[in-house]
Amino acid sequence: MSDSILDSARAFILREGRLLERRLFATLFQGAPATGVADALRGYRNADGGFGHGLEPDKRCPDSLPIDVETAFQTLLAAGMPATGPLVPEACDWLATVAAPDGAVSLSLPVMEAYPRAVHWSEWTYAPGLNPTAGLAGLLHRMGVEHPWLTRATDWCWSALEKGFPEDAHAMSETLVFLEHVPDRDRAERLAERVPEWLPELKWYRSDPADPEYGVTPLHLAPHPGSRWRRLFTDEVIEGHLDRLAADQQPDGGWAITWEPPGAAATLEYRGVETLRALQVLSAYRRVPSS
């Protein structure tokens, strides 16, 4: 069963996925060097140090956007690449140019409006917030990066979180990345104690594995057994979502998405992203074999 899941997904990624997902699959499941992933990422990099060109496929803007920088950081970490060389620090330099004076950044920028994009990518994405500032900061702390913008962004995240947690699950997901990896562990753990009571009230949080609607699930928040947030969920809840994730594989080998990207190519690209995410989670929880 598990080999069939992996083989079918591999065929989908090879047939429909972008070069980036094909190279990341080869690194994660076939032992290929991670340098190939960095090579593919460079195709999305701009001269300003940021990333764009639809790296996150829901918008087709070539200009650098914070969401694409975050996607680049996530990809480098997934491949096990160290934060050496110019990619990460120069992306931080770019983030500093688009951040608010207090260090917070927005998901996107108004330049996006000149290009095709999914309907949910609209004006709300121009407001600086925990999504994505906390996630970006958390990823950089995980990589052991030091940068003046990161210092400002970290201070801003602490200030924002001490006023209260976000009300939607996407921003909470970003917040949990920050709290898991920020160096001040005592401060992080004090805030973490409040997460269990806040979680059920979040908009877009989907706790029931049988719920077919779009949402952030426990497996998004605890994508591997070693996650700081795995303890928030019972074994029964995690196993139920793993069963659902495995069952959601489509006959063509890929995973479907529950929203509408801006076109057919973007839809296939995002299905490749989600297929690889599903495989990473299922592998981490030993539902499919790893490399």
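## Overall architecture

Helices and strands are here runs assigned by DSSP, a helix having at least four residues and a strand at least two, and both are numbered from the N terminus. By that definition, the chain of this predicted model holds 13 helices and zero strands. Read from the N terminus, the order of elements is therefore α-α-α-α-α-α-α-α-α-α-α-α-α.

The radius of gyration of the chain is 18 Å, close to the 19 Å that the globule rule gives for 291 residues, so the chain is as compact as a globular protein of that length. Its C-alpha trace spans about 50 × 45 × 35 Å along the principal axes. Of the 291 residues, 53% count as buried. The accessible surface amounts to about 13000 Å², and carbon and sulfur atoms account for 51% of this area. Among contacts between residues at least 6 apart in sequence, 64% join residues at least 24 apart.

## Helix α2 and residue L24

Helix α2 covers residues 19–30, and its buried residues are L20, E21, L24, F25, A26, T27, L28 and F29. An α-helix has 3.6 residues a turn, so residues three or four places apart point the same way. In helix α2, L20, L24 and L28 are among the buried residues. After α2 comes G31, which has a positive phi near 75 degrees.

L24 is located in helix α2. Its relative accessible area is 6%, and because buried means under 20%, L24 is classed as buried. When residues up to four places away in sequence are not counted, L24 touches V37, T75, A78, A79 and L276. The C-alpha atoms of L24 and P262 are separated by 24 Å, and these two residues are 238 residues apart along the chain.

## The loop between α3 and α4

The loop between α3 (35–41) and α4 (66–79) contains D48, and S64 has its place in that loop as well. D48 has a relative accessible area of 41% and is partly exposed, whereas S64, at 4%, is buried. Apart from neighbours within four places in sequence, D48 is in contact with S64, E90 and W94. The side chain of D48 also makes a polar contact with the side chain of W94, at 3.4 Å.

Around S64, the residues touched are N46, D48, G50, F51, G52, W94 and L109, not counting residues up to four places away in sequence. Two polar contacts of the S64 side chain can be described. One is with the side chain of N46, at 3.0 Å; in the other, the S64 side chain reaches the backbone nitrogen of F51 at 3.5 Å.

## Aromatic pairs and charges over rings

A search of the whole structure finds six aromatic pairs. The ring centres of W158 and F178 are 5.1 Å apart and the ring planes lie at 70 degrees, so this pair is edge-to-face. The pair links distant parts of the chain, for W158 belongs to helix α7 (residues 148–163) and F178 to helix α8 (residues 169–181), 20 residues apart. Both W158 and F178 are buried. One aromatic cluster is formed by W204, Y214, W259 and Y270.

Charged side chains also lie over aromatic rings. The charged end of K59 sits over the ring of W121, 6.0 Å from the ring centre. R194 lies over the face of F165, at 4.6 Å from the ring centre.

## Backbone features

The peptide bond joining N131 and P132 is cis, with omega about 20 degrees. P132 has its place in helix α6, which covers residues 130–143.

W204 is found in the loop between α10 (195–198) and α11 (218–221), and it is partly exposed, with a relative accessible area of 42%. R286 is found in the segment after α13 (264–284). The relative accessibility of R286 is 78%, and because exposed means over 50%, R286 counts as exposed.

How values were computed. Residues are numbered from 1 along each chain as its sequence is written. This is a predicted model: local features need pLDDT of at least 70, side-chain atom pairs count only at pLDDT 80 or more; totals for chains, interfaces and linings use all residues. Side-chain values use heavy atoms; hydrogens and water are left out. Rings of Phe, Tyr and Trp (its six-membered ring) pair if their centres lie within 6.5 Å; planes under 30 degrees apart count as stacked, over 60 as edge-to-face and the rest as tilted. Buried means under 20% relative accessible area, exposed over 50%, partly exposed in between (1.4 Å probe, protein chains only). A charge sits over a ring if NZ of Lys or CZ of Arg is within 6 Å of the ring centre and within 35 degrees of the ring normal. Contact means heavy atoms within 4.5 Å. A polar contact is a pair of N or O atoms within 3.5 Å; within protein, one must be able to donate a hydrogen and the other to accept it, and residues adjacent in sequence count only if both atoms are side-chain atoms. The radius of gyration is taken over C-alpha atoms; the globule rule is 2.2 Å times the number of residues to the power 0.38. Accessible areas come from the Shrake-Rupley method with a 1.4 Å probe; for residues, only the protein chains shown count as cover.
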